[in-house]
Amino acid sequence: MVSELTSVTALWGAVIFSGLYHGINPGMGWPLAVSAALMERKHSALPKALAMLAIGHFLAMIGILLPFSMMIVLVTWEVEIRIAAGALVIAMGIYLLINRRHPKILARVHPARLALWSFLAATAHGAGLMLVPIYLGICAIGADDTGHLAAQSLMNNNVMTAFTVAAVHTLSMTLAGGVIAVVIYFWLGLKFLSRTWFNLDVVWAISLVLVGAFGIYSAYSH
């Protein structure tokens, strides 16, 4: 029982930590929120821009997680699916390590369409994919009685878990990115941002590989 609670805590901690990590990463859009607020010269533009980024990120997360939650085969093929998901995340990380170019489609989206940009950025960089092994691990927690549950009931629980994971992750991301955006907007300014821009592309790709490996390990050890 204690180890099960520890696993639950660790997995939800990973959901929150990955959200904070995504929020800190400038590639997830907080510089765009700062730019939008500075261009409009309104303080209210900053939270509005952050909200649009959050909506897009949430939709990208739920768009990845929801199909997994509705897979009826998850009942009997849970371990195999978790291993396959982990391998897919590792493959995405390796691809991003090899291909450092940013998706061209992001440059074609108007900066004012922050929700759409956020959705495409999160999807293209595998942000939602990173959550899959963690989400599947959470679904497996306390599933000892799976064989005695109706499949439809299990799916309903997984759907609710998918929305909760996506919401908690997105909230963490918005808080982390929002804090940085507020500091830049009110005190440091856009010039500071241009001088101290940091690139987390390699770290991002490596983190995908690590999360995928963790997903495979947790599937085998469950």
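Which residues have the most contacts inside the largest nonpolar core? They are Leu65 and Tyr135, in a core of 32 residues. A nonpolar core is here a set of buried Ala, Val, Leu, Ile, Met, Phe, Trp, Tyr and Cys residues joined through side-chain atoms within 4.5 Å. Buried means under 20% relative accessible area, exposed over 50%, and partly exposed in between (1.4 Å probe, protein chains only).

The model is predicted: local features need pLDDT of at least 70, side-chain atom pairs count only at pLDDT 80 or more, and totals for chains, interfaces and linings use all residues. Residues are numbered from 1 along each chain as its sequence is written, and side-chain values use heavy atoms, with hydrogens and water left out.

The protein has 9 helices and 0 strands. Helices (H or I, at least four residues) and strands (E, at least two) are DSSP runs, numbered from the N terminus. Of the 222 residues, 44% are buried. Contact means heavy atoms within 4.5 Å. Among contacts between residues at least 6 apart in sequence, 86% join residues at least 24 apart.

Helix 1 (2-24), helix 3, helix 4 (78-98), helix 7 (127-140), helix 8 (151-195) and helix 9 (201-221) each supply at least two of its residues. The largest share, 10 residues, comes from helix 7. Tyr135 is in contact with Leu65, Phe68, Ser69, Asn158, Val159, Thr161, Ala162 and Val165, leaving aside neighbours within four places in sequence. Another core, of 19 residues, lies apart from this one; its members include Val34, Leu46, Leu114 and Ile184.

Helix 2 (residues 30-40) packs against helix 3 (residues 45-69) at an angle of about 145°, with the axes 8 Å apart. Axes are lines fitted to C-alpha atoms, for helices over the stretch in contact, and angles run from 0 to 180 degrees between N-to-C directions. Helix 2 contributes Trp30, Ala33, Val34, Ala36, Ala37 and Glu40 to the contact, and helix 3 contributes Ala45, Leu46, Ala49, Leu50 and Leu53. These residues divide into 10 nonpolar, no polar and 1 charged. In this count Ala, Val, Leu, Ile, Met, Phe, Trp, Tyr, Cys and Pro are nonpolar, Asp, Glu, Lys and Arg are charged, and the others, Gly among them, are polar. The loop between helix 2 and helix 3 holds Arg41. Arg41 has a positive phi of about 55° although it is not a glycine. Its relative accessible area is 75%, so Arg41 counts as exposed.

Gly56 lies in helix 3. Its relative accessibility is 0%, so Gly56 counts as buried. Gly56 touches Ala115, Ser118 and Phe119, not counting residues up to four places away in sequence. Gly56 and Ser118 are 62 residues apart in sequence but 4.8 Å apart in space, C-alpha to C-alpha. In helix 6 (residues 114-124), the residues Leu114, Trp117, Ser118, Leu120, Ala121 and Ala122 are buried. Gly126 follows helix 6 and has a positive phi, near 75°.

Ser207 lies in helix 9. With a relative accessible area of 14%, Ser207 is buried. Ser207 is in contact with Tyr21 and Met130, leaving aside neighbours within four places in sequence.
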